[in-house]
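Here is a set of questions and answers on one protein model. Look over the fold before starting.

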Amino acid sequence: MRNIGRMGIHYMNRLHAANVPADLIEKGQKRVIEASLTLIRERAKLKGELVRALGGAFASSSLLGVPLGHNSSFLQGPAFAPPRIREAIWCGSTNATTEEGKELNDPRVLTDVGDVPVQELRDCGVDDDRLMHIISESVKLVMEEDPLRPLVLGGDHSISFPVVRAVSEKLGGPVDILHLDAHPDIYHAFEGNKYSHASSFARIMEGGYARRLLQVGIRSITSEGREQGKRFGVEQFEMRSFSKDRDLLENLKLGEGVKGVYISLDVDCLDPAFAPGVSHIEPGGLSFRDVLNILQNLQANVVAADVVEFNPQRDTVDGMTAMVAAKLVRELTAKISK
């Protein structure tokens, strides 16, 4: 899997070794980048026009897939997650209604603008600096089409940095973040990679894109994770004290005085009994109903969200984790759309 992720880079190295002019390669990369952004732009424009024509929507969730897995420190299977989550959302084994009664078949509740073509961009030699910029620009294109709000399907957790950056820049200020995860993902640069999925929230906090960061479900944290948490003023709620914190976490009120609330939901926040299809299996996590109670009771204007780290290559129990991820997307949709 790791070799697949590097094929594009190796291909570009061969072109450089063959003395292909650098400006020729650069021009080709720019065309591919523009084509990628054009597709997102036009799909978002179409969906935005549809929602506005129907009327009555103040905010509408719009799916944006970011099939990126190469910044994972262990397995890269999350790159395959977006289509599997979509398949589970519409598989027909359940209806298209959220628990509070919102109909996903109504485009005023949910639309889909497709995927950022991550692998195609990497096949052209686009490096991570530019790739993260492309992800940010794609999110902004969705947000330009009011009332669409991005609900991003990962992908590993490295995608949260460019997504939150885009949301904060587009709204003109920091957001509050509710982050559900087994890990704090706040290493300075895990294994030397500043874009590691284990470092995304360090980049977010360094950039000033969040005022408050609440991390819930934590049960795998090192001394660096705690030190970084203190450095950035992160509110870390570890599972070992969840019974004590439950009442607080199930009655959160966030976003006052900032531009809104962002929810980042790593599927491994759940105990593996509920979601075995993840790269980093960490026992002792939240139940599915624990997560829904936190989300459904949250008082907040949710401006964007992501669901990350579902790994279809480990989802061996009849697509169970795909259905779990899909249900999380459905209930986040209900939280965003109004």
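Q: Which residue in strand 3 is the bridge partner of Ser-60?
A: The model is a predicted one. Strand 1 covers residues 60-66 and strand 3 covers residues 148-154, and the two pair in the parallel sense over seven bridges. In strand 3, the partner of Ser-60 is Leu-148.

Q: In what order do the eight strands of the open sheet run?
A: The pairing in this sheet is parallel. From one strand to the next, the twist averages 15°. The order is 2-1-3-8-7-4-5-6.

Q: Which are the edge strands?
A: An edge strand pairs on one side only.

Q: Which helix lies across strand 1, strand 2 and strand 3?
A: The helix runs at about 145° to strand 3. It is made of residues 128-143. This is helix 5.

Q: Are helix 5 and helix 6 parallel, perpendicular or oblique to each other?
A: Helix 6 spans residues 160-171, and its axis is 8 Å from that of helix 5. The packing angle is about 45°. Angles of 65 to 115 degrees would count as roughly perpendicular, and those under 35 as roughly parallel. The two helices are therefore oblique.

Q: Is the crossing of helix 5 and helix 6 left-handed or right-handed, and how do the contact residues divide by class?
A: The crossing is right-handed. Helix 5 contributes residues including Met-132, Ile-135 and Val-139, while helix 6 contributes Val-163, Ala-166 and Leu-171 among others. By class, the contact residues are nine nonpolar, two polar and four charged.

Q: How are helix 3 and helix 11 oriented to each other?
A: Helix 3 (residues 81-89) and helix 11 (residues 320-336) have axes that come within 8 Å. They cross at roughly 75°. Among the residues in contact are Ile-85 and Ile-89 of helix 3 and Met-323 and Val-329 of helix 11. The helices are therefore roughly perpendicular.

Q: How are helix 10 and helix 11 oriented to each other?
A: Helix 10 takes in residues 288-297, and its axis lies 10 Å from that of helix 11. The angle is about 15°. Under 35 degrees counts as roughly parallel. These helices are therefore roughly parallel.

Q: Where does Asp-185 lie?
A: Asp-185 is among the residues in the UniProt "binding site" listing. Strand 4 (175-180) comes on one side and helix 7 (200-206) on the other. Asp-185 lies in the loop between strand 4 and helix 7.

Q: Which loop holds the cis peptide bond's Pro-147?
A: Most peptide bonds are trans. The bond from Asp-146 to Pro-147 is cis, with omega near 15°. Pro-147 lies in the loop between helix 5 and strand 3.

Q: What is the phi of Glu-309?
A: Most residues other than glycine have a negative phi. Glu-309 is in the loop between strand 8 (302-308) and helix 11. Although not a glycine, Glu-309 has a positive phi of about 70°.

How values were computed:
Residues numbered from 1 in each chain as written. Predicted model: local features only at pLDDT ≥ 70, side-chain atom pairs only at ≥ 80, totals over all residues. Heavy atoms only, no water. Pairing = 2+ DSSP bridges. Helix = DSSP H or I, 4+ residues; strand = E, 2+ residues; numbered from the N terminus. Axes fitted to C-alpha atoms, helices over the stretch in contact; angles between N-to-C directions. Contact = heavy atoms within 4.5 Å. Parallel < 35°, antiparallel > 145°, perpendicular 65-115°, else oblique. Left-handed = near helix turned anticlockwise from the far one by under 90°. Nonpolar A, V, L, I, M, F, W, Y, C, P; charged D, E, K, R; others polar. UniProt positions renumbered as here; feature names shortened; annotations may be inferred.
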